[in-house]
Amino acid sequence: MLTVREALDFMLDAARPVIDSEIVPTLCANGRVLVAPQASTIAVPSADNTHMDGYAVRAADCASGQARLTVSQRIPAGHVGVRLEPGCAARIFTGAMIPEGADAVVMQEQCEAHEDGTVTIRHAPASGEWIRRAGEDITAGAVILPAGTRLRSQELGLAASVGLAALPVVRKLRVAVFFTGDELTMPGEAPGGQLAPGAIYNSNRFTLRALLENLGCTITDFGIVPDTLEATRTTLRSAARDNDLIITSGGVSVGEEDHIKPAVEAEGRLNMWQIAVKPGKPLAFGEVRREGGDAFFLGLPGNPVSSFITFLLFVRPFILRLQGAPVQPPRGFAMRADFDWSRPDRRNEFLRARINAEGGLDLFPNQSSGVLTSTVWGDGLIDNPPNQAIARGDSVRFIPFSELLH
Ligand code: AMP
Ligand code: MG
């Protein structure tokens, strides 16, 4: 059996990142991956401006802590004032440019305006007080986002803040999916609204598609494929045609009803791995022939929790690599176990757990690979090494789902 690390390293080494790129409007670039570093042509802020509503002054005029100054101008945000003369103050509003001559802002709570057009400044500001300096966030020419950055809301805001209206990104990864199993029924399609005896709903289709959508992939869905070698081979050929990657669920064991292995071997190449991980032991990784190259192939186990966790541990980093994004191991946090786990598996277990009000971890009572409830109840996974029993109070490595789903 391979360790999680060994299997993942093998996959990442085999990955050929997509190199085609396109320019997209920044407004439509959520989730995309930058192909080139982005630099700012401007400084941010572009000029010294005030952090507060108040009065812009010459600090030297206010040294007494009780200065009475003439209000010579009013500068709202977006307007430009004139030079501030000695003995004068400018009424100023957050974000407005500091007028030449002024070197401090006094917040309005420390000032008293009078009917005669003067103001008393009851504070002796330091030079520079409440002034946001030009370039204090970003200097002109600075790289703000390196190549390979996956663009989230924060990155899009930053790009827009320096005026970038369009961004060069990796073209979307094209992923084909299909779901093996004669027992599968689509929600809403059970004959007469009744699930037939022995049938189950195709939940993996929903989980996997949402995971792929969140990674910015274009999905071609071939739906449910019957458990025959011929149907599996035919679908593989169609799926390979225009796609970078094919992902399937189910049929990866080596039973008579499991056709993924012989089908992929006939249409390309396959590594069938037994990985020392629970849930999710079998994983198929290979390639399916098509004109002009091969499509990568990843066959996930059918059990819904296995399929979900295998995606998080293997498929997600593989997709990030294909997209040219950096692949970092998920961050784990040392947390206290508020439960006992006395019969650990020989494999590396990923246990569904939840953070409790005392700052420790509770374990979902049923860790079976078919129990999807655990994935909704949990906040993340405990990465438990092989043969490691856990006693109440022990420190364990907890990986929040947020580390694996972003
Ligand atoms: P398999 O990997 O095909 O042997 O399936 C293992 C288990 O997962 C069986 O109980 C299947 O019924 C179940 N399963 C397979 N495919 C799906 C699916 N798409 N959605 C939900 N459960 C599935
Ligand atoms: Mg099956």
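# Reading salt bridges, cysteines and a ligand site

Arg16, Arg269, Glu287 and Asp294 are joined in a network of salt bridges. The model is a predicted one.

Q: Which residue forms a salt bridge with glutamate 287?
A: Arginine 269 does. The closest N and O atoms of the two residues are 3.2 Å apart. Both residues also belong to the network with Arg16 and Asp294.

Q: Where in the chain do glutamate 287 and arginine 269 lie?
A: Glutamate 287 sits in strand E20, residues 282-290. Arginine 269 sits in strand E18, residues 268-274. The pair therefore ties together parts that are 18 residues apart in sequence.

Q: Is glutamate 287 buried or exposed?
A: Buried means under 20% relative accessible area. Glutamate 287 has 15%, so it counts as buried.

Q: Which parts of the chain does the pair of aspartate 48 and arginine 133 link?
A: Start with the contact itself. The side chains of aspartate 48 and arginine 133 meet in a salt bridge, 2.7 Å from N to O. The pair links distant parts of the chain, 85 residues apart. Aspartate 48 is in the loop between strand E2 (38-39) and strand E3 (49-50). Arginine 133 is in the loop between strand E10 (131-132) and strand E11 (143-145). Aspartate 48 is partly exposed, with 27% relative accessibility. Arginine 133 is partly exposed too, with a relative accessible area of 37%.

Q: What does arginine 336 form with aspartate 338?
A: The two form a salt bridge, with the closest N and O atoms 2.7 Å apart. Check the cover on each side. Arginine 336 is partly exposed, at 35% relative accessible area. Aspartate 338 is buried, at 19%.

Q: How many disulfides does the structure hold?
A: First the idea. A disulfide is a covalent bond between the sulfur atoms of two cysteines. To find one, look for a pair of cysteine sulfur atoms within 2.5 Å. The structure holds zero disulfides.

Q: What surrounds ligand 1?
A: There are 14 residues around ligand 1. The closest are Glu183, Asn202, Gly251, Gly302 and Asn303. Now look at single atoms. A polar side-chain atom of asparagine 202 lies 2.7 Å from a nitrogen atom of ligand 1. Glycine 302 places a backbone N or O atom 3.0 Å from an oxygen atom of the ligand. Asparagine 303 places a backbone N or O atom 3.1 Å from an oxygen atom of the ligand. Taken alone, ligand 1 exposes 490 Å², and the protein buries 76% of that.

Q: Which domains make up the protein chain?
A: The chain is divided into domain 1 (4-18 + 172-322), domain 2 (21-44 + 138-170), domain 3 (49-132) and domain 4 (333-405). The C-alpha centres of domain 3 and domain 4 lie 57 Å apart.

Technical notes. Residues are numbered from 1 along each chain as its sequence is written. Chains are lettered from A and ligands numbered from 1 in the order in which they are written. This is a predicted model: local features need pLDDT of at least 70, side-chain atom pairs count only at pLDDT 80 or more; totals for chains, interfaces and linings use all residues. Side-chain values use heavy atoms; hydrogens and water are left out. Domain bounds come from an automatic or database domain assignment. A salt bridge is a side-chain nitrogen of Lys or Arg within 4 Å of a carboxyl oxygen of Asp or Glu. Helices (H or I, at least four residues) and strands (E, at least two) are DSSP runs, numbered from the N terminus. Buried means under 20% relative accessible area, exposed over 50%, partly exposed in between (1.4 Å probe, protein chains only). A residue is near a molecule or strand if one of its heavy atoms lies within 4 Å of it. A polar contact is a pair of N or O atoms within 3.5 Å; within protein, one must be able to donate a hydrogen and the other to accept it, and residues adjacent in sequence count only if both atoms are side-chain atoms. Accessible areas come from the Shrake-Rupley method with a 1.4 Å probe; for residues, only the protein chains shown count as cover.
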